[in-house]
Amino acid sequence: MSQYNDLKAECYEANLLLPEYKLIDLTFGNVSVSDPARGVFAIKPSGVDYAVMKADDMVVVDFEGKIVEGTLRPSSDTPTHRRLFQAFAGIRSVVHTHSRNATAFAQAGRGIPCLGTTHCDYFNGEVPVTRALSAAEVQSDYEWETGNVIVERFRDLNPLEIPAVLVKNHGPFVWGPSGRKAVESAFALEIVAEMAMKALQLNPQAEPVPAYLLDKHFKRKHGTGAYYGQPA
Ligand SMILES: [Zn+2]
């Protein structure tokens, strides 16, 4: 009996939501869920098919990168997840996908502008894109440096208010307070990316929503004054 069964189950269930929400092709995607009190997180094993994966296959890793429990190799993106857990206090889950519309923005080197209220409900402003990684960063500790460029991009941004980023030439990383919430935000990101792309096709000069509308929508769902939905 593992002391990490609950953590592994939450991680497993969140990973299964990726194919359910059609956020992944092949095995490009992973979710991790952390237990900050114990200094560990569970993450999807590397390259395992979602159809055959079991909760017990989740790998438990500590915040220093040491495998605590598990027989499979953890996702190759594990150092990126670890970097984000270290840097962003208050998050418990990280999701990485190559969902197509968000990845198209990443490949174009563009953030996703906040063009409508669907976006405002999840992200308090533009979803930013990172700078490109340098040759040295790619050739040294690539996945860790991917985490570093994300942290660098958030130097003046609040990761709890904008829980997503696009890594240039790569794709989205999204985070949240639970596995389920983080995957929901990854799904919302894909939806707003598709909407933004279509809006920009219809009107390349489309402007971001005014600050008062962004503020209204974001704050009615988040923070102390939230009143949207039912109390938790
Ligand atoms: Zn990737």
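Reader: Which side chain does Ser2 join in a polar contact?
Author: In this predicted model, the side chain of Ser2 is joined to that of Glu69 by a polar contact of 2.6 Å.

Reader: Where is Ser2 found?
Author: Ser2 belongs to the segment before α1, the helix of residues 5–20.

Reader: Is Ser2 buried or exposed?
Author: Ser2 counts as buried, because its relative accessibility is 17% and the cut-off for buried is under 20%.

Reader: What is Ser2 in contact with, leaving aside its neighbours within four places in sequence?
Author: With those neighbours left aside, Ser2 is in contact with Lys8 and Glu69.

Reader: Turning to the helices, how do α1 and α7 cross?
Author: The axes of α1 and α7 cross at roughly 20° and come within 9 Å. The two helices are therefore roughly parallel to each other, since an angle under 35 degrees counts as such. The crossing in which α1 passes α7 is right-handed.

Reader: Which residues meet there, between α1 and α7?
Author: From α1 come Glu10, Ala14, Leu17 and Leu18, and they meet Gly179, Arg180 and Val183 of α7. Sorted by class, this contact of α1 with α7 has four nonpolar, one polar and two charged residues.

Reader: And α3 with α7, at what angle do they pack?
Author: Helix α3, residues 100–108, packs against helix α7, residues 179–202, at an angle of about 60°, and their axes are 7 Å apart. The pair α3 and α7 is therefore described as oblique. In this case α3 passes α7 in a left-handed crossing.

Reader: Which residues of α3 and α7 meet?
Author: On the α3 side, Arg100, Asn101, Ala102, Ala104 and Phe105 take part; they meet Leu189, Glu190, Ala193, Glu194, Ala196, Met197 and Leu200 in α7. The residues of this contact of α3 with α7 divide into eight nonpolar, one polar and three charged.

Reader: How does Glu184 count in terms of relative accessibility?
Author: Glu184 counts as partly exposed, because its relative accessibility is 25%; that class runs between the 20% limit for buried and the 50% limit for exposed.

Reader: A new pair, then: how far apart are the axes of α2 and α6?
Author: The axes of helix α2, residues 78–87, and helix α6, residues 142–153, are 7 Å apart, and the helices pack at an angle of about 35°. The crossing of α2 and α6 is right-handed.

Reader: Which residues do α2 and α6 bring to their meeting?
Author: Helix α2 brings Pro79, Thr80, Arg82, Arg83, Leu84, Gln86 and Ala87, while α6 brings Glu143, Trp144, Thr146, Gly147, Asn148, Ile150 and Val151. By class, the contact of α2 with α6 has six nonpolar, five polar and three charged residues.

Reader: Lastly, where does Asp57 lie?
Author: Asp57 lies in the loop between β2, residues 40–43, and β3, residues 59–62. Asp57 counts as buried, because its relative accessibility is 15%. Not counting residues up to four places away in sequence, Asp57 touches Pro45, Val52 and Leu72.

Note on methods. Residues are numbered from 1 along each chain as its sequence is written. This is a predicted model: local features need pLDDT of at least 70, side-chain atom pairs count only at pLDDT 80 or more; totals for chains, interfaces and linings use all residues. Side-chain values use heavy atoms; hydrogens and water are left out. Axes are lines fitted to C-alpha atoms, for helices over the stretch in contact, and angles run from 0 to 180 degrees between N-to-C directions. Helices (H or I, at least four residues) and strands (E, at least two) are DSSP runs, numbered from the N terminus. Angles under 35 degrees count as roughly parallel, over 145 as roughly antiparallel, 65 to 115 as roughly perpendicular and the rest as oblique. A crossing is left-handed if the near helix is turned anticlockwise from the far one by less than a right angle, and right-handed if clockwise. Contact means heavy atoms within 4.5 Å. Ala, Val, Leu, Ile, Met, Phe, Trp, Tyr, Cys and Pro count as nonpolar, Asp, Glu, Lys and Arg as charged, and the others, Gly among them, as polar. Buried means under 20% relative accessible area, exposed over 50%, partly exposed in between (1.4 Å probe, protein chains only). A polar contact is a pair of N or O atoms within 3.5 Å; within protein, one must be able to donate a hydrogen and the other to accept it, and residues adjacent in sequence count only if both atoms are side-chain atoms.
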